[in-house]
Amino acid sequence: MAFTEFRPLAEKSLVEYIKATSVLSDKIGNNFGDLKIKEVGDGNLNFVYIVTSPSGSFVIKQALPYVRCIGESWSMTKERAYFETLALREHGRLCPENVPEVYHFDRTMSVIAMRYLEPPHIILRKGLIAGIEYPLLAEHMSDYMAKTLYYTSLLYRTTTEHKRDVAKFCGNVELSRLTEQVVFSDPYKISQYNRWTSPYLDRDAEAVREDNILKLEVAELKSMFCERAQALVHGDLHTSSVMVTHDSTQVIDPEFAFYGPMGFDIGAFIGNLILAFYAQDGHADQMNDRKRYKEWILRTIRETWSLFYKKFTALWDEHKDGSGEAYLPEIYNNPELRLLVQRKFMQDLLHDTLGFGAAKMIRRIFGVAHVEDFESITDASKRAKCEQQALDLAKMLLKERKRFQSIDEVVLAIQQVQ
């Protein structure tokens, strides 16, 4: 069976595909007798299969030409698999400890085969809902973000190298346009895809659509998202794009990757931790009031940013005389000036992070794709109360992000909106 043109893989054709692809059949020791295949694609866009045998395992991910959770009426380029592979390979090169290895890519079939993250790895979002602490999460995520963002920016590279890669990822425009729609547009207008916990949040949805100051700020963020090719960002770095165990953290699904603002990635991750924080009251019960767990989430938010700051500026210091062209050594050559430049850069990045994080929070309350943190709270009035708190904080952060000087002030603000 030749696979010379695209078709969706079902279980039977997947076996044929593995047989026809030596790198994959070798991975399972050509043992087709004991092959187990399980479809696990619970995401919004793709088919995902776990393939296991006694000799080895891998995951197959196939991009479909439409949005899976909506159906064929919402078409979507399957070329996203190509950009996902580019990003996995580039980020994997920069931070191999936290990115699963790619074994095989087939552009015609839009198929990626990569390392299977075996149990006890679970999606971080599910761990946060279950109230599980991950002591190394901030350490690992700050590492991943510092390395992937620093090394793909002009702080490290020449403008020639940078422009070449920016051009390469410009082809992923369709997924960037999807983000423009669902994050920066839909929540602020009447859209067929919007939904929220009705009737409790009806008035809030309307208030967002009528908030002039909020719309001004969102326009500024959208402009930055579309125009600022600062670094190779993951593009969808929420808590369902991270798989974890007690001592492993793996970042998956960078199909939205493009050259964009660094704060979009950091904000997505921190914003989703804040959503998890506000969802905890909805998951509390007689056995566990989740108060200690909420403290752990706040600690993780604080440490993620603090460690990121430390590691990112350490990389910057280490390569200060390198070929990066953002701040030429012959101009920024004295320690005081370098410190000024760094402080300004990191302050701006904190503000970008808060703005994008807030925009991501709002879209998860009123947009097309919600989060399980809230959706799994069955009592609608309780859920709405949690969402309301997250919304109040997000609106304030979006409008007032530039007054925050440190992550400690942000954590204090989160605690006050309860």
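Me: Is aspartate 253 buried, partly exposed or exposed, and at what relative accessibility?

Reply: Aspartate 253 counts as partly exposed because its relative accessibility is 25%. The scale calls a residue buried under 20% relative accessible area, exposed over 50%, and partly exposed in between, using a 1.4 Å probe and protein chains only. Before we go on: this is a predicted model, where local features need pLDDT of at least 70, side-chain atom pairs count only at pLDDT 80 or more, and totals for chains, interfaces and linings use all residues. Residues are numbered from 1 along each chain as its sequence is written, and side-chain values use heavy atoms, leaving out hydrogens and water.

Me: Which residue does aspartate 253 pair with in a salt bridge?

Reply: The general idea is that side chains of opposite charge can pair when their charged atoms come close. Here a salt bridge is a side-chain nitrogen of Lys or Arg within 4 Å of a carboxyl oxygen of Asp or Glu. Aspartate 253 meets lysine 61 that way, at 2.7 Å from N to O. The two sit 192 residues apart: aspartate 253 in the loop between strand E11 (249-251) and strand E12 (258-260), lysine 61 in strand E3 (residues 56-63). Those element names come from DSSP runs numbered from the N terminus, with helices (H or I) of at least four residues and strands (E) of at least two. Lysine 61 has a relative accessible area of 5%, so it is buried.

Me: How many salt bridges does a search of the whole structure find?

Reply: That search finds 26. One of them joins arginine 157 to aspartate 165, with the closest N and O atoms 2.9 Å apart, and both of these residues are buried. Another pairs arginine 302 with aspartate 408, at 2.8 Å between the closest N and O atoms. That pair links distant parts of the chain, with arginine 302 in helix H11 and aspartate 408 in helix H15 (residues 407-416), 106 residues apart. Arginine 302 is partly exposed at 31% relative accessibility, and aspartate 408 is partly exposed at 44%.

Me: Which residues are linked in a network of salt bridges?

Reply: Glu97, Glu139, Asp143, Lys147 and Lys311 are.

Me: Which residues meet between H5 and H11?

Reply: With contact taken as heavy atoms within 4.5 Å, the H5 side includes Glu139, Asp143 and Lys147, and the H11 side includes Lys311 and Trp316. By class, this contact has 13 nonpolar, three polar and five charged residues. Nonpolar covers Ala, Val, Leu, Ile, Met, Phe, Trp, Tyr, Cys and Pro; charged covers Asp, Glu, Lys and Arg; the others, Gly among them, are polar.

Me: How are H10 and H14 oriented to each other, roughly parallel or roughly antiparallel?

Reply: Angles under 35 degrees count as roughly parallel, over 145 as roughly antiparallel, 65 to 115 as roughly perpendicular and the rest as oblique. H10 (residues 262-283) and H14 (residues 380-400) cross at roughly 150°, their axes coming within 8 Å, so they are roughly antiparallel. Their contact divides into eight nonpolar, two polar and two charged residues.

Me: What about the backbone: which residues does a cis peptide bond at proline 199 join?

Reply: Most residues other than glycine have a negative phi, and most peptide bonds are trans. Serine 198 and proline 199 are joined by a cis bond, with omega about 0°. The bond from proline 119 to proline 120 is also cis, with omega near 10°. As for phi, arginine 290 has a positive value near 65°; this residue lies in the loop between H10 and H11 and counts as buried at 8% relative accessibility.

Note on methods. Axes are lines fitted to C-alpha atoms, for helices over the stretch in contact, and angles run from 0 to 180 degrees between N-to-C directions.
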